[in-house]
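Subject: Structure handover

Hi,

Here is the structure for your files. My notes follow below it.

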Amino acid sequence: MVEKKFPLTKEQLKEIVKKYPTPFNIYDERGIRQAARRMLKAFSILPQFKEFYAVKALPNPYILEILKEEGLGTDCSSYPELLLSKAVGITGEDVMFSSNETPDNEFLAAAKLGAVINFDDITHVDIAANVLGGKLPELISFRYNPGPLKKGNVIIGKPEEAKYGLTREQIFEGYKKASALGAKRFGLHTMVASNELDSSYFVETAKILFELVLEVYQKTGIRIEMVNIGGGMGIPYKPEETPVDFDFVARGVKELYDQIIEKNNLGPVKICSECGRIITGPYGYLVSTAIREKHTYRDYIGLDSSMADFMRPGVYGSWQYMSVVGKEGKSPDMVYDVVGSLCENCDKFAVQRQLPKIDMGDFVVLHDTGAHGRAMGFNYNGKLRSGELLLKADGSIVEIRRKETVSDYFSTLDY
């Protein structure tokens, strides 16, 4: 059973909201650092292990700076994400640029930053070379789509139906083409699942990649020096779920590395991952205030936040743990739909959820919002996205992104 505990008391929250009214996202620096350290310690048994934090999960430079201090790089998928990495001093081969349908200017920006460009399609090789003056960077990578060889999961779907990556035959052609265009060092990557809790899934992924490393060498003579097993490690949103076991994954990957890479004298190969959710997800919280109640065919509690602040329950039907601050020990003897004010019936954070009685003015906290939360916010209905706070390791509170204002909303209009 995973304990879900909000790191602040009701009295502390009351003081915080005097300066920073709800709704807001707050992130626990201590928890984020500890998660990064646990991962790096477990995976330290792998050659030159590197974790490229998925910037899309929580694109805030204050968070990236913390992760840089812990030794993480970044996985970027757009020009603004590259700029965020550069802003905190994460550059060169500490950045992996994995995008799809990539615009020309983003290939150029990635190359200027010295990032590892991870090609999503074989046609991108010629396109990038043309953009970069006829020659590829020294180190490039390819994203492999294993198709029916690997089962996907509900979020990404079947690999053969996904828009990402090269087929097996395209991989061999891609390395030859890249080599002819000046690339001298090579990586291999795949990403076929999201929010996956089965620890063995990631070991199986490593096996597929290591076997392909061997096959690439046998068919092309090209030695691959970097293998990125992707991200997708999930977190236990429900207390009864079992977390991914870092040690199990690391040991399994190391065993396969020895059996396939070392046995065939293809080492050293740098092993990488690009997780986001598992590093910051459990250490983020959307804090809202109960402002309305409604009693019709169901009992509803209306919050001052909405799906525009956190879209996962409304879009994916995800289940998020919810607590009422100061009432954690009280009996959950009420059943509520907890909702926002968006003009969409899917704007619900919880449906028929057993909770303690909620009074107007209570602080209602949605847990595990430190990844794909504020990052996926939007402005439908003219909603203004909430700000972000950081609970520092010393207990102090810092605003790391202010709330949006009406002026922000209208700033792109010329009227």
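A disulfide here is a pair of cysteine sulfur atoms within 2.5 Å. The model is predicted: local features need pLDDT of at least 70, side-chain atom pairs count only at pLDDT 80 or more, and totals for chains, interfaces and linings use all residues. Residues are numbered from 1 along each chain as its sequence is written, and side-chain values use heavy atoms, with hydrogens and water left out.

Cysteines
The disulfide count is zero. For Cys343, the closest cysteine sulfur is in Cys346, 11 Å away, so the gap is too far for a bond. Cys343 is exposed, at 59% relative accessibility. (Buried means under 20% relative accessible area, exposed over 50%, partly exposed in between; 1.4 Å probe, protein chains only.) Cys272 is buried, at 0%. Its closest cysteine sulfur, in Cys275, is 11 Å off, again too far for a bond.

Lys50
Lys50 sits in strand β2, residues 50-54. (Strands are DSSP runs of E, at least two residues; helices are runs of H or I, at least four; both are numbered from the N terminus.) Lys50 is buried, at 13% relative accessible area. Its side chain reaches the backbone oxygen of Gly71 at 3.2 Å. Setting aside residues up to four places away in sequence, Lys50 touches several others, including Asp94, Lys270 and Cys272. Contact means heavy atoms within 4.5 Å.

Helix α8
Helix α8 covers residues 199-220, which is 22 residues. Expected span is 1.5 Å times one less than the number of residues. That gives 32 Å, and the end C-alpha atoms are 32 Å apart, which agrees. Just after α8, Gly221 has a positive phi of about 80 degrees.

Best wishes

Conventions:
A polar contact is a pair of N or O atoms within 3.5 Å; within protein, one must be able to donate a hydrogen and the other to accept it, and residues adjacent in sequence count only if both atoms are side-chain atoms.
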